[in-house]
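Trainee: May I ask for a close look at one helix and at what surrounds it in the fold? I should be grateful for a connected account.

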Amino acid sequence: MSEEKEASDPVLPVEEASESNDASEKDDRKDTGFTWQDYLEVTNSQEVPHPFFQHVEAGLDTELENGMILEVPRKDDPSLYWLAKVVLACGPFSRLRYSGDVEDQTADFWCDLTNSNAQPIGWCDQEGKVLTPPESIAKLIGDVQSHIEEVKKTAKPVPPHLLSGEGFVPTERIKAGMKVEVQDVVNPYSLWIATIIENVGGRLLLRYDTPDSSSPEFWLYFTSSRIYPMGWCSEKGDPWVLRRPAHFQSCHGKEEWEAVIEMAKEDARRTPLPTDFFKHSDEILPHSFMMGMKVEALHPIDRTQIFPATVMEVWGDAYFLVELDFKISSHGEEEPRLTWLCTSNHPYIFPTGWANKHGIKISKPIGWKDNVEDEFHWDEYLQQTSAVAAPEKCFPQKPCAKYNGILAHMKLEAANPLDQSEICVSTVGRTTGHIVWIHLERNESDHPRHAVSYDSTDIFPVGWCDSNSYPLKPPLYYQMPSSSSNSVLGDESNDKKDTDSGQRMSKLWCPKIYFNHRCFSGPFLSKCKLAGLPQAVGPGPVRLVMREVLSMLISVAYKSSRVLKEIQCDGDLKPGEHVEVLKAKFNQTNYRARVAVVNSSDQVAEFCQDICLRLKVCPYLFGPTRVEAGRCPEKCNISKTKFTSQYWSNRQKKSNRPAGDPLPELEIVGPKKRRGRKRRFSSIKTRNSAPNANSIQGAESDASGDDAVEPSSQSSVPESTPRRREIVTRGAKQALNSSTNAPATRQRPERRGVKRQRETESTDQKSPNKMTLKHISTKQKTVNQFPSY
């Protein structure tokens, strides 16, 4: 049967088979349906914190700071320019204030630095324009020219490249086709020209320039120490030289290689690469390694094993070459060299004994006691090779990965060391000093983990591939329910079940919810805080995504409790809704309310617009529709008063809440704050357990005839009757215990004014004539104050 099956399968040529495999891989990448949020929830795991990836943070650094100065067109007359200060740096959409204006938020305005003709300091002088302040500001500053000179001397200008329109972050300014010079992996002073084929969030796909463009492609991050700007080698001079890599086997002549250099220089002049990216330190820390010293080194290809290695070459005190003792051959056979080009702080070389100290088995060189099962011992190896181990002082101290926030079982995205174009879902196995051992979940569970440094540019935070539109390899056994059915068995009932389950899963899956912060934000939401939210949330389960979106809206409100009050559930639930409990905090008071959230993805758009209607914002402020700047379907970029009068007057009747009905009150979480003196409680006393003697005597005196009741019968309580308990304060308890001994209780001292008034009244009552004389004398005194005419 197997032979027949093999014979029946078509035999494809090697090239066609590889193409078909590539196509199938692309299809797999598109149909995986993998989402990090669900996977983290199912596996009950955490992601590696984003600040841990310093190279990714560097690619998103805008270099824009508060207090920087630039030249902007005036709002009343765009043909005139005046100085403005950055009050709040929020990327390209920042808040500005005219220079010399009052220090008040009422004078601030928002400006899109990429689309507003904003210019760096000095642009008006170059173009022959005169900086002209508005009339209101001219009155405040007085001498305009002296104010301009003072601002230019003291203020920090906005970097010109931020206003050029080529990109606001470094990862956006690097374009495909630009030229760079790349350092060789063996000779540190040898560089060659390479072309940027693709830029994926700062991760560059490069290819060396050759006459026939036959060199393989490779990946480097733009912060790599091997990348230099075009022309750097010729500018530095000796010992740096522009030389093609030694592994190039080419039959091309010298003239053809010189033509490649000239063409690359011409291309670099047309599309220059910004030089401010390359912040290489000219001062590399000196090392103290010498030729022949022995170290331990990580395998440079698979990075799963540690081998003994030797320092083979030294270039001054900056660079040295380490080669792995991978194979010991007595016949002088040439083997491919496994080397590391190192500096003093290279992360993948270690002192002898480092692996044994951290419980890692060191791999023996091939040919070294193959027939002996004993482990590798450095003392014996050094004695037989007549070598010296590199001292500990040659290896500077490196930060520990565990203390930088990365722990075992955390999730991240990592490049496959055997295929750098493949980025996989990965898990941190453990940390050993500055080394992180990573398991690619694309592989089997027993596949060995590979090692990376904590500051490696081959690891990325969760969601990096999705934010840069790059395919992510999901875990090996991850399966997402889909509507595809198995047509081999031909079972229609199974097909129908699979289709129904796929449709059911698709309804529970929420698309991306975009925050279009340039739309009208209404009276409740802060425009500044809204701009700080992520561009989108999701995709993911409907409940989780909508809950996160509503929580974010509450967090960006001027008064969070008011927004929670507006969106809370104030009636019966509609079909397809469920209740979520959301919280808000305002003025140190926690509030909680029940909010109705939809369950199905086909109700998400309508639900988002209903929330927008309640919050009196543009119906496209958030939702599954992404709105470009100035292209809102509701044209909400007009003035606030005009938009409110035109839009909300026609749509206010559509709200679910009847007009005029008050909003239901929110539930306050936790006890209310006590005011005044706290009351102290001394004991809990039973009412009938200690009756008052005066009350018993009163009962005896009032009782007469047949209605008289004995005192003992009043104080007795039936056993079946539950005893009522009341709280008695310490003062009341003392009064009860001392009622027979102290007939008069101590009263609270009166205030000084009240006491004096009562003394006066008592005195007046004793001598009424004195009171009369007092009033008469007072009246007489009043009459004598006015002269008679």
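Which residues of helix α18 are buried?

Mentor: The model is a predicted one, in which local features need pLDDT of at least 70 and side-chain atom pairs count only at pLDDT 80 or more, while totals for chains, interfaces and linings use all residues. Residues are numbered from 1 along each chain as its sequence is written, and side-chain values use heavy atoms, with hydrogens and water left out.

The buried residues of α18 are V604, F607, C608, D610, I611, C612, L613, R614 and L615. Here, buried means under 20% relative accessible area, exposed means over 50%, and partly exposed lies in between (1.4 Å probe, protein chains only). The helix is thus mostly covered, with 9 of its 12 residues buried. Helices (H or I, at least four residues) and strands (E, at least two) are DSSP runs, numbered from the N terminus. Helix α18 covers residues 604-615, and its end C-alpha atoms are 17 Å apart, which agrees with the 16 Å that its 12 residues should span at 1.5 Å a residue. That expected span is 1.5 Å times one less than the number of residues.

Just after α18 comes K616, with a positive phi of about 60 degrees. Most residues other than glycine have a negative phi, and most peptide bonds are trans. K616 sits in the loop between α18 and β28 (622-623), and at 35% relative accessibility it counts as partly exposed. S386 belongs to the loop between α12 (378-385) and β16 (388-389), and it is exposed, with a relative accessible area of 66%. The backbone also has a cis peptide bond from D238 to P239, with omega near 10 degrees; P239 is placed in the loop between α9 (232-236) and β10 (241-242).

We turn next to the interior. A nonpolar core is a set of buried Ala, Val, Leu, Ile, Met, Phe, Trp, Tyr and Cys residues joined through side-chain atoms within 4.5 Å. The largest has 90 residues, and L206, F289 and V322 touch the most other members. Apart from it lies another core, of 43 residues, among them F607 as well as V542, V549 and V556. F607 is also one of the buried residues of α18.

Beyond its neighbours within four places in sequence, F289 is in contact (heavy atoms within 4.5 Å) with residues including V311, V314 and F320. V314 stands opposite F320 in β13. Strands β12 (306-315) and β13 (319-324) run antiparallel and are joined by 6 bridges; two strands pair if DSSP finds at least two bridges between them. In their hairpin, with 3 residues between the strands, G316 has a positive phi near 60 degrees. Strand β12 also pairs in the antiparallel sense with β11 (293-298), over 5 bridges, and the bridge partner of K294 in β12 is T310. Of the 10 residues of β12, 7 are buried.

Elsewhere, an open sheet of 5 strands has the order β20-β19-β18-β17-β21, with antiparallel pairing. Its edge strands are β20 (450-453) and β21 (459-460), each of which pairs on one side only.
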